[in-house]
Amino acid sequence: PATQRSPQRSTMPSAAARCVLAALAALPSSIVCAANIPGELDRYKTYETLYSQLGYHGNLGLTHAAPIIAGVVKHTYRREVRGAKRVLDVGCSHGRGVDLLWRSGFCASGMDLATTAIKMATDHRMPRMPARCATRETVFRQGSAAAIPWPNATFHAILSTDVLEHVPEALVPTVVAEFGRVATEHLFLIIAAQPEGEIIRYGPGGDPRHGFVGRLRNVVPETETLHETVRGPEWWIAQFERRGEWACAVMHRTLVRRHAFTAMRFRGGNVTATRVEAQRGLDEQGRPLVNFWLKCTRRVGV
């Protein structure tokens, strides 16, 4: 384990305990874990369909984690201590972020809700895993952020990029508690502050049948949105600081500029641009944000 904390603060919820046991026994944790979390089986079906049938995150070289690893994570931990630091990438997709953490000197693991994402990560990243990180826990595991399939205090830090906005608001306190249960030092988070862009929702031509959400509805008709919690940094900081474990700060803000566009890369290398529509994701000055970066540090003695 990364460190030991008092039993009172590191009690493992029953759902998480079942996930850990499933992972250690190589059982299908999607069945063991997701069934114990409200709505999680439906979300599992949604993201598994996106990955297995619709080519979601099909570009294995693309990750949103690269800038925060380079700009924040590597500056938090000096090179000489990184080999002793364990980092979990929550929502790791095809594992490129974990690969970058390995290359930066960390021992990293990854988890994702979608089984196909974990298969992609295992197939494409595990051959590159450094020998120094070859421990039982240094693997890619399928699981929910609301029931992380690792024991208490396993990691020094959690990295999570463009994932938390996909968590339903009612489930956010459970996810926050799980992050605090598993990580002992830092959280590095990129959180989207807008609904998914028009390309994801409606497709390049504005036809709702062509976007990821539109095509997803052919398989999962009840799908309404992928970004279920669209909030600004103050709201998210309050969620993480409420339990008294973390002190959080905004490290970067990506503003929605007037006439600004964002690009989404699809399978086959085609790049299409779409306008970002500002809604509830605002900074302290009321300016609309595309996303923001948070760094949370565990308070001393907690």
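Lys295 is in contact (heavy atoms within 4.5 Å) with Val72, Thr76, His186, Leu187, Phe188, Ala247, Cys248, Ala249 and Met251, leaving aside its neighbours within four places in sequence. This is a predicted model: local features need pLDDT of at least 70, side-chain atom pairs count only at pLDDT 80 or more, and totals for chains, interfaces and linings use all residues. Residues are numbered from 1 along each chain as its sequence is written, and side-chain values use heavy atoms, with hydrogens and water left out.

**Lys295**
- Lys295 sits in strand β9, residues 289–298. Strands (E, at least two residues) and helices (H or I, at least four) are DSSP runs, numbered from the N terminus.
- Lys295 is buried and has no salt bridge. Buried means under 20% relative accessible area (1.4 Å probe, protein chains only). A salt bridge puts a side-chain nitrogen of Lys or Arg within 4 Å of a carboxyl oxygen of Asp or Glu.
- Glu185 is the nearest side chain of opposite charge, 9.8 Å away.

**Phe188**
- Phe188 belongs to strand β5, residues 183–192.
- Its relative accessible area is 0%, so Phe188 is buried.
- Beyond four places in sequence, the contacts of Phe188 include Val72, Thr76, Leu294 and Lys295.
- Phe188 and Thr297 are 109 residues apart along the chain, with C-alpha atoms separated by 9.1 Å.

**Whole chain**
- The chain has 11 helices and nine strands.
- Of its 302 residues, 53% are buried.

Methods. Buried means under 20% relative accessible area, exposed over 50%, partly exposed in between (1.4 Å probe, protein chains only). Lys and Arg count as positive and Asp and Glu as negative; His and the chain ends are not counted.
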